[in-house]
Amino acid sequence: RQAVVGLLPDTEISADFGESEITGDAGCNQYFAGYSVNGNVIDIGTPARTFRFCPEPTGVMDQETEFLIALESAATYSIEGDQLWMRTAADEIAVIMKRKVVVDLPAPKPTPKTPTGRVVGAQTLNIRSGPSTAFPVIGAARAGDEGEIIGRSADGRWWAVAVPSLPGGVGWVSADFVVATNAENVPVIASPPPPTPRPPTPTPVPIARPTVQPIPPTPSPEISFWADRTQINQGECATLNWSVNNVQAVWVYPVGQPYHRFPRTGQGNERVCPTTTTTYEMRVLLRNGQTVFRQITINVTQPIAPPQPPPAAPPPAANPLAGTRWTVVNFNNGMGAVTGLVEGTTITMDFDAAGSVRGNAGCNTFSASYQAGGNTLSVTPPIATKISCESPAGVMQQEQQFLAALQSAATFQITGSQLQIRSGGDALAIMANRAP
């Protein structure tokens, strides 16, 4: 549509330009994309975004999609005063933005040894005066904000962060919504005294007041989580279903997995094929900041071998993965896209006959246990070394995405010199070529 439009009321779209990456809030979801400039020419790659579903305000999801399309169409730019004008190759207006200075949770550029934390899984994270929801809110941080971690609570569920702009210079944030780096050895900080309850106020003498139209109550959250079947035989699949309304965010994941890797929209389903009895959990962040959980267990029955008829059944087929070595070509990045490797990196997988898979994830080496039977494949959570690689750009994010893709394995197929590994939802997880 050839029209320049403003934003919906109560929505905000932002863009933060780094050296080679643009990130920001598209009105509902966070997004990021690579970009480059040459003179007044700008080239912006296809933006990737999170998968949060926002029902309100009406039209915010359409607005988000239209903004990302317009952003990607930008071909030239100019800065006029405090405004950024981006135009398409046909010299039509693509996006107009106004420079904005935000003073928020300080994010000093950390040295490799500085303990830092990054806000994830929540649009806005409350900063409190102590390590409990009983303490009052004294500030807030947004998704993507970073800051220095200076300590932890005794139970490890809260981080103490440096906030010079707040009274006392220290705030507390929930560890459930923070990804910590270099924070293994931060000290335990004693909790401040709990807030003293206020004394009850005297009952005032009733005063006749005019009738006020009552404010409609906030819609109650609607949460449903079910499966089409909870009892399956080994090798069969079940479908998880969920429907969630009037909440902030939702995740669906196998119990024991990092939940923030599995964001979902408000309504959806997923086909799962566990090889053993597995419990799946739905985590829901309510609008009032509370978190609730729902669980479904898929019981897997091991097949009972029938009486052995004459002649004796042939021995089971050998494990075709045993003793093979592979070089990864591409993998699922966990955001619904299959991507190639960062230029200058190599990822390998070596499967031995003892049930172990090892290799190089692009920066660190890793190892995990695996089981292969027929065309099914399961891999335990990989254990990797902890080297931090700063180049090439994106290698650490690629490594995390590849290890998550490997752990999602449910089936595999070897065709000639090519190996395809697929997830429980039958999505391509990893494609590799046989290595010499």
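## A right-handed link

The disulfide of Cys237 and Cys273 is right-handed, because the torsion about its S-S bond is about 100 degrees. A disulfide here is a pair of cysteine sulfur atoms within 2.5 Å, and the sulfur atoms of Cys237 and Cys273 are 1.8 Å apart. This pair joins distant parts of the chain, 36 residues apart: Cys237 sits in the loop between strand 17 (231–233) and strand 18 (238–245), and Cys273 in the loop between strand 21 (267–272) and strand 22 (278–285). Helices (H or I, at least four residues) and strands (E, at least two) are DSSP runs, numbered from the N terminus.

Before going on, please keep in mind that this is a predicted model, in which local features need pLDDT of at least 70 and side-chain atom pairs count only at pLDDT 80 or more, while totals for chains, interfaces and linings use all residues. Residues are numbered from 1 along each chain as its sequence is written, and side-chain values use heavy atoms, leaving out hydrogens and water.

Are the two cysteines buried or exposed? Buried means under 20% relative accessible area, exposed over 50%, and partly exposed in between (1.4 Å probe, protein chains only). Cys237 counts as buried because its relative accessibility is 17%, while Cys273, at 23%, counts as partly exposed.

## The other disulfides

A search of the whole structure turns up three disulfides. Counting bonded cysteines along the chain, the pattern is 1-2, 3-4, 5-6.

In one of them, the sulfur atoms of Cys28 and Cys54 lie 1.9 Å apart. This link is right-handed, with 80 degrees about the S-S bond. Cys28 is in the loop between strand 2 (21–25) and strand 3 (30–38), and Cys54 is in the loop between strand 5 (48–49) and helix 1 (60–72), so these distant parts of the chain, 26 residues apart, are linked by the pair. Both Cys28 and Cys54 are buried.

Cys363 and Cys389 form another disulfide, with 1.8 Å between their sulfur atoms. Its torsion about the S-S bond is about 75 degrees, so this link is right-handed. The pair ties together parts that are 26 residues apart in sequence, because Cys363 lies in the loop between strand 27 (356–360) and strand 28 (365–373) and Cys389 in the loop between strand 30 (383–384) and helix 2 (395–407). Cys363 counts as buried because its relative accessibility is 13%, whereas Cys389 is partly exposed, with a relative accessible area of 21%.

## Nonpolar cores

A nonpolar core is a set of buried Ala, Val, Leu, Ile, Met, Phe, Trp, Tyr and Cys residues joined through side-chain atoms within 4.5 Å. Which members of the largest core touch the most other members? Of its 25 residues, they are Met349, Phe402 and Ile430. Elements that each supply at least two residues of this core include strand 26 (348–351), strand 31 (409–415) and strand 33 (428–434). Helix 2 gives the most, with four residues.

Apart from this core lies another, of 21 residues, among them Ile127, Ala141, Ala183 and Ala249.

Three strands form an open sheet in the order 16-18-21, with antiparallel pairing. Its edge strands, strand 16 (222–227) and strand 21, each pair on one side only. Two strands pair if DSSP finds at least two bridges between them; strand 16 and strand 18 have six, in the antiparallel sense. Ile223 has Val244 in strand 18 as its bridge partner.
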